[in-house]
Amino acid sequence: MKRSVLSATLGLGLAAVLVALPATAVAAPAAPAVPSARTPAVRADAGPAYAGSQEEAANNQAFFRAVMASARARQAADPWLQTVTVTYDTTNAPSFTGDIADAAQIWNSSVRNVQLQETSGTGDFSYTEGDGSGSYASTDGHGHGYIFIDHQQAQEYYSLRIVAHETGHVLGLPDDYSGPCSELMSGHGPGPSCTNAHPDANESARVEALWANGVAAAN
């Protein structure tokens, strides 16, 4: 496996900061129902030996930077902000709304500097589902992030862990497939028997540091 407007005000701020991002347009099209062609390495059945690809790492980082841009816009509007609210849309992932809500609750109870909140409109990022070559987090090239959840992978692996793992990319965490089951970002590395959907203490601390005082820092 791989890889919400923070508010209406923040959504406007996002449009303002996107000019600094390598985007050709500000308006974001709907996230694709099926992922674009990807390398075989991203398949869910790649096994514990899969260590990730440079493309995957770049997509995860681009995703975080898109969300970070929104956070910085909100920070500029409210310098005293201590907690950033990131909003998400589940319109295109109806089969996983329960898992998405549970994953958000898990993260919201694990960290304080950033909180996830569902929105009925276009969020800072969105979830989508379909048949593909693995779940992942990416951007549409116009500053909008989305998480794709693969149906087949969700049948082979614990779906809540998949969603919570991919949501970890929203908050800035990279993959670490060689890690143990207790590490959420180890993803499918530990195998299908791993059902842990909670970040460990180090992962929570990393997210807290990235979003300290309401400011996201890309490292």
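Leucine 171 sits in the loop between H5 and H6. In this predicted model, leucine 171 has a relative accessible area of 1%, so it counts as buried. Set aside the neighbours within four places in sequence, and leucine 171 still touches Phe64, Trp107, Val114, Leu116, Val207, Leu210 and Trp211.

Arginine 206 is 35 residues away from leucine 171 along the chain, yet the C-alpha to C-alpha separation of the two is 9.3 Å. For orientation, helix H6 covers 201–210.

## How H3 and H5 cross

Next up is a helix pair. H3 takes in residues 97–110 and H5 takes in residues 159–170. Their axes come within 9 Å and cross at roughly 55 degrees, and the two helices are therefore oblique to each other. As for handedness, H3 goes past H5 in a right-handed crossing.

Which residues do the meeting in H3 and H5? On the H3 side they are Asp99, Ile100, Asp102, Ala103, Ile106 and Trp107, and on the H5 side Ser159, Leu160, Val163, Ala164, Thr167 and Gly168.

## The disulfide

How many disulfides does a search of the whole structure find? It finds 1, formed by cysteine 181 and cysteine 194, with the sulfur atoms 2.1 Å apart. The angle about the S-S bond is 90 degrees, and the link is right-handed.

Both cysteines lie in the loop between H5 and H6, so the link ties together parts that are 13 residues apart in sequence. Leucine 171 is in the loop between H5 and H6 as well. Are the two cysteines buried or exposed? Cysteine 181 comes out at 29% relative accessibility, so it counts as partly exposed. Cysteine 194, on the other hand, has a relative accessible area of 4% and is buried.

Now for the strands. Aspartate 89 is in strand S1, which spans residues 84–92. Aspartate 89 is buried, its relative accessible area being 12%. Neighbours within four places in sequence aside, aspartate 89 is in contact with Thr119, Gly121, Gly123, Phe125, Ser126 and Tyr127. Serine 120 is 31 residues from aspartate 89 along the chain, and their C-alpha atoms are separated by 6.6 Å.

Tyrosine 146 belongs to strand S5, residues 145–150. Its relative accessible area is 6%, so tyrosine 146 is buried. Tyrosine 136 is 10 residues away from tyrosine 146 in sequence, with 8.6 Å between the two C-alpha atoms.

## The chain as a whole

Zooming out, the chain has 6 helices and 5 strands. Follow the sequence and the order reads α-α-β-α-β-β-β-β-α-α-α.

What share of the 219 residues in the chain is buried? The figure is 51%. Leucine 171 is one of the buried residues, and so are cysteine 194, aspartate 89 and tyrosine 146.

Terms used. Residues are numbered from 1 along each chain as its sequence is written. This is a predicted model: local features need pLDDT of at least 70, side-chain atom pairs count only at pLDDT 80 or more; totals for chains, interfaces and linings use all residues. Side-chain values use heavy atoms; hydrogens and water are left out. Axes are lines fitted to C-alpha atoms, for helices over the stretch in contact, and angles run from 0 to 180 degrees between N-to-C directions. Helices (H or I, at least four residues) and strands (E, at least two) are DSSP runs, numbered from the N terminus. Angles under 35 degrees count as roughly parallel, over 145 as roughly antiparallel, 65 to 115 as roughly perpendicular and the rest as oblique. A crossing is left-handed if the near helix is turned anticlockwise from the far one by less than a right angle, and right-handed if clockwise. Contact means heavy atoms within 4.5 Å. A disulfide is a pair of cysteine sulfur atoms within 2.5 Å. Buried means under 20% relative accessible area, exposed over 50%, partly exposed in between (1.4 Å probe, protein chains only).
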